[in-house]
Amino acid sequence: MSARDHDLHEIREAVAKLCASFPMEYWRETDRERRYPAEFVRALTEAGWLSCLIPEEYGGAGLPLAAAAAVLEEIQRSGANGAACHAQMYTMGTVLRHCNDAQKKQYLPRIARGELRLQAFGVTEPSAGTDTSSIRTTAVRKGDRFVVNGQKVWTSRAEHSDLMLLLARTTPREKTGKKTEGMSIFIVDMKAALGRGLTIRPIRTMINHATTEIFIDNLEIPAENLVGEEGRGFRYVLDGMNAERILIGSECIGDARWFIARASAYATERKVFGRPIGQNQGVQFPIARAHMATQAASLMVERAAGLYDEGKPCGPEANMAKQLAAEASWQAGDMCLQTHGGFGFAEEYDVERKFRETRLYQIAPISTNLVLCYLAEHVLHLPRSY
């Protein structure tokens, strides 16, 4: 075992121990009540896991993305739901690479200490969807401030975040050479903005994801909150998106392993017609297939994280990691529900909750079709389809 593998093993053990203090009943209650798991997020924060990517000079652990992936995988593998806090990890790709020194000094130490949460990423809009270049939210420079107007949707955890990264157009699309130019990223102080141009409205969904829509009306943002260069926001967002897809992939691997472990245990214990149902090939083969798919997807997640940590291009690998892992977790979830039969629909077995939660990743943070379009055009060099 390499030193790196050894470090990740220790991380997994520590995270698993923390998660064990939050029993399944805790997650059933938060899901039933659509409540944000504040206690769990606080415990992760106090243990330093949510600041693991922040450099040591700012109070974090300075760990690589592979370590963050191990943290999130272990959270999901325990039966918990890391979606309540994963944004503070994947937004670090944008913050660490493109925020200036003053911004890093202002925010990162307080995030590392748990005084601030960076859990919101305002990108998607109702009319644009995943066509980010078509966003309509605008930011107009007026002296030492930008005045922002627009709307965002599916901005998860906005009600539970102190800071948000916001993407807005600073140059009209028709005045840019490329449709991906003219967009900029801003750091928004959520508490200061609420009631002063920012309105948050929760969206109730089939899973407890704390997602919202945001309305922005003449919101003033200090010019010093601009991240990097004006007009280059789309490129900056890509850093966050690649990290996000890798980390979501790791969460899916954790989900898949939870499903496989639960199905294997139930198939061994449950007896019908005088013998364990797992003795039947019709039950054991789907479990074995889900295991194979999970192991293969896990290798792609590891590959993508390795490239990201080396500072190498990883767009294709990040997209494939997310998609393969999402497919593996859904295959495992469907198998686990089928293995449990009617009991899989009972809340007390936790399968139905995880089944709903893992289904999301076929759609978000990027849909299956757009992953395939990306690979077809940029890897296989087929004609652009959109």
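Which residues in α9 meet Val351, Lys354, Phe355 and Thr358 in α12? They are Asp255, Trp258 and Phe259, where contact means heavy atoms within 4.5 Å.

## About the model

This is a predicted model, in which local features need pLDDT of at least 70, side-chain atom pairs count only at pLDDT 80 or more, and totals for chains, interfaces and linings use all residues. Residues are numbered from 1 along each chain as its sequence is written, and side-chain values use heavy atoms, with hydrogens and water left out.

## How α9 and α12 pack

Helix α9 covers residues 233-269 and helix α12 residues 351-359; helices are DSSP runs (H or I, at least four residues) and strands likewise (E, at least two), numbered from the N terminus. Their axes come within 11 Å and cross at roughly 150 degrees, so α9 is roughly antiparallel to α12 (over 145 degrees). Here axes are lines fitted to C-alpha atoms, for helices over the stretch in contact, and angles run from 0 to 180 degrees between N-to-C directions.

The crossing of α9 past α12 is left-handed, meaning that the near helix is turned anticlockwise from the far one by less than a right angle. The residues of this contact divide into 4 nonpolar, 1 polar and 2 charged (Ala, Val, Leu, Ile, Met, Phe, Trp, Tyr, Cys and Pro count as nonpolar, Asp, Glu, Lys and Arg as charged, and the others, Gly among them, as polar).

## The nonpolar cores

A nonpolar core is a set of buried Ala, Val, Leu, Ile, Met, Phe, Trp, Tyr and Cys residues joined through side-chain atoms within 4.5 Å, and buried means under 20% relative accessible area with a 1.4 Å probe, protein chains only. The largest such core has 79 residues, and those with the most contacts inside it are Phe40, Ile75, Met89, Ile111 and Ile246. Helix α9 supplies the largest share of this core, 10 residues. Another core, of 20 residues, lies apart from it and includes Ala120 and Leu166.

## Two buried aspartates

Asp31 is found in helix α2 (residues 24-33) and is buried, at 6% relative accessible area. Leaving aside neighbours within four places in sequence, Asp31 is in contact with Asn208, Arg353 and Arg356.

Asp350 sits in the loop between α11 (315-340) and α12, and is buried too, at 2% relative accessibility. Its phi is positive, about 70 degrees, although Asp350 is not a glycine.

## Backbone exceptions

Most residues other than glycine have a negative phi, and most peptide bonds are trans. Trp154, in the loop between β3 (145-153) and β4 (163-169), has a positive phi near 60 degrees. The peptide bond from Ala364 to Pro365 is cis, with omega near 5 degrees, and Pro365 lies in the loop between α12 and α13 (368-378).

Notes. Parallel < 35°, antiparallel > 145°, perpendicular 65-115°, else oblique. Buried < 20%, exposed > 50% of the residue type's maximum accessible area, 1.4 Å probe, protein only.
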